[in-house]
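Colleague: Could you take me through this model? Keep it brisk, please.

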Amino acid sequence: MAKSDNNKGKRPSKNFKGGDRKKPFDKKFSSKPRQSAPKKPSNPDEIRLNRYIANAGICSRREADTFIAAGNVTVNGKAVTEMGYKVKRSDDVRFDGKRLSLEKKEYVLLNKPKNFITTTSDEKGRRTVMELISSASNNRLLPVGRLDRNTTGLLLFTNDGDLTKKLTHPKHNIRKIYHVHLDNNLSLGDLHKIEAGLELEDGPITVDSVSYIQGAPKREVGVEIHSGRNRIVRRIFEHLGYNVTKLDRVIFAGLTKKDLPRGHWRHLTEQEVINLKNLK
């Protein structure tokens, strides 16, 4: 059959592969976005179990899934192994039998300056250490132990009650080192008296170690002690006739003031928290 005269001399389109040409789209599409089915609103009172465990400071969400699958977690007395299980904030959630709190555990280290008292409030209107860490957390953190108003140095804050009890109980021998400035040089005889132990008005006291500070005058002394008795370092030297002109806590439970200026705070690292919890 002869070709049609209408097609004579015309080249086929590049997209032409035989047969009738078709437009790229046969259907007309609306310019309006496609409507998806409305999502079911989430219940603000519910939270995934793995997130609950992670927020309680036990482990990461991924690790929590492993513990859930292994049966380590109970909700209201029943073991839950279902992934994605949701709990209410009022539920009794336990990990290895210990009840968890949804409040995430936090740990803040402060390099305390002078003229702040270690209390959550003061009826006399004096400045407290809580002012210094007011921006550190939305949770209620409490100081671990105390430092006198004019004592400077390391002070830890946390909402971890178990760790607070551990760090403040004398039986755990938590290491605390102070840099002491005296109004007079400490005699070698008095240094030996402190090493041997003293009898104060509220009972005997011994220090873990005491020594002169290398390269400093003999009125500067380093004292390591684990007692938590009130004003104990000051009272040791006052008992021997010295006045403490400056007292600075430079080490607390293995934590130091490195890269932490006076009056500033920082959150503990994950490794530091692990170290504190592993203290015997």
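Colleague: Is Arg229 buried or exposed, or in between?
Modeller: This is a predicted model, where local features need pLDDT of at least 70, side-chain atom pairs count only at pLDDT 80 or more, and totals for chains, interfaces and linings use all residues. Residues are numbered from 1 along each chain as its sequence is written, and side-chain values use heavy atoms, with hydrogens and water left out. Buried means under 20% relative accessible area, exposed over 50%, and partly exposed in between (1.4 Å probe, protein chains only). Arg229 has 26% relative accessibility, so Arg229 counts as partly exposed.

Colleague: Which residue meets the side chain of Arg229 in a salt bridge?
Modeller: A salt bridge here is a side-chain nitrogen of Lys or Arg within 4 Å of a carboxyl oxygen of Asp or Glu. For Arg229 the N to O distance is 2.6 Å. The pair links distant parts of the chain, 27 residues apart: Arg229 sits in the loop between strand S14 (220–225) and H6, its partner in the loop between S11 and strand S12 (203–205). The partner is Asp202.

Colleague: Where does Arg235 lie, given its salt bridge with Asp202?
Modeller: The side chains of Asp202 and Arg235 meet at 3.0 Å, N to O. Asp202 is in the loop between S11 and S12, so the pair ties together parts that are 33 residues apart in sequence. Helices (H or I, at least four residues) and strands (E, at least two) are DSSP runs, numbered from the N terminus. Arg235 lies in helix H6.

Colleague: Is Arg235 buried or exposed?
Modeller: Asp202 has 42% relative accessibility, so Asp202 counts as partly exposed. Arg235 has 12%. At that value, Arg235 counts as buried.

Colleague: Which residues do salt bridges with shared partners join into one network?
Modeller: The structure holds 16 salt bridges. Some share partners and form one network. Its members are Glu201, Asp202, Arg229 and Arg235.

Colleague: What is the relative accessible area of Asp248?
Modeller: The side chain of Asp248 forms a salt bridge with Lys257, at 2.4 Å from N to O. Asp248 is buried. Its relative accessible area is 6%.

Colleague: How many bridges join strand S10 to S15?
Modeller: Two strands pair if DSSP finds at least two bridges between them. S15 (residues 244–252) runs parallel to S9, with three bridges. Gly153 stands opposite Arg249 of S15, and Arg249 is also the bridge partner of Tyr178. S10 (residues 176–182) runs antiparallel to S15, and the number of bridges is seven.

Colleague: Which residue takes a positive phi in the hairpin of S15 and S16?
Modeller: S15 and S16 (residues 255–256) are antiparallel, with two bridges. Ile251 stands opposite Thr256. The hairpin has two residues between the strands, and the one with a positive phi near 55 degrees is Ala253.

Colleague: Why are the buried residues of H5 on the same side?
Modeller: The buried residues of H5 (residues 188–196) are Asp190, Leu191 and Ile194. The arc is that of the directions from the helix axis to the C-beta atoms. They are on the same side of H5 because they cover an arc of only 105 degrees.

Colleague: Which backbone nitrogen does the side chain of Asn159 reach?
Modeller: Asn159 lies in the loop between strand S9 (151–158) and helix H4 (161–168). At 14% relative accessibility, Asn159 counts as buried. At 2.8 Å, its side chain reaches the backbone nitrogen of Glu106.

Note on methods: Polar contact = N/O pair within 3.5 Å; in protein donor to acceptor, adjacent residues only side chain to side chain.
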